[in-house]
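Notebook open, structure loaded. I want to look up a few things one by one and jot down what turns up.

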Amino acid sequence: MFDDVLRVIGSIGLGLLLVQPAAAQAATEGGKIKLQLNNMQTVDGSCQLTFVAQNDTDIDVSASVFSMTVVDVQGHVVALTNFEFGAFPKGRPKAQQFALAGQACDSLSAIAVNDFISCLDAEGKESPVCETALQASTLTTIQFPWSL
């Protein structure tokens, strides 16, 4: 009888191991959150970055904040800053601009997501989708994502 109980517990445990990765995979099966550094322009001595995002996942993102690392042309980290992207509406592009005070665009070489501060689903609960489904790219001379 004890062996039967162990077999049942073992089966449940194995089932949980199989369900959790499937749930994480299901969250991103619908696609990616594409985040493109689309444009840059120095305005009054500050680099104005324009990002375009499109949420092609099955998760409705109601709010998001990313901590970004900013790297100069010498390869030095010159800033850690939070970009509050807000909602990523499903299925349509969204543009957003951020200014890096005191940094001219031609002095920058790369930007990377340093950390995911917040990513809320439609119910206001934290979701891993911003991290697990993020696909970063750039149309500028600034490398995004940054790689050493």
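Predicted model: local features only at pLDDT ≥ 70, side-chain atom pairs only at ≥ 80, totals over all residues.

I started with Ser-127, which is buried at a relative accessible area of 13%; buried means under 20%, exposed over 50% and partly exposed in between, with a 1.4 Å probe and protein chains only. Residues are numbered from 1 along each chain as its sequence is written, and side-chain values use heavy atoms, leaving out hydrogens and water.

**Around Ser-127**

I found Ser-127 in the loop between strand E6 (108–121) and helix H2 (129–132). Helices (H or I, at least four residues) and strands (E, at least two) are DSSP runs numbered from the N terminus. Next I checked who Ser-127 touches: leaving out residues up to four places away in sequence, I got Ile-59, Cys-119 and Asp-121, where contact means heavy atoms within 4.5 Å. I also saw that a polar atom of the Ser-127 side chain lies 3.2 Å from the backbone nitrogen of Val-129.

**Rings**

How many aromatic pairs are there? I counted eleven, taking rings of Phe, Tyr and Trp (its six-membered ring) as paired if their centres lie within 6.5 Å; planes under 30 degrees apart are stacked, over 60 edge-to-face and the rest tilted. I picked Phe-66 and Phe-88, a tilted pair with 6.2 Å centre to centre and 50° between the planes. They sit 22 residues apart, with Phe-66 in strand E3 (residues 61–72) and Phe-88 in the loop between strand E4 (77–84) and strand E5 (93–100). Buried or exposed? Phe-66 is buried at 0% relative accessible area, and Phe-88 is buried at 1%. I then followed the ring pairs and got a cluster that includes Phe-51, Phe-66, Phe-88 and Phe-144.

Among the residues Phe-51 touches, I noted Met-68, Phe-83 and Phe-144.

Technical notes. Polar contact = N/O pair within 3.5 Å; in protein donor to acceptor, adjacent residues only side chain to side chain.
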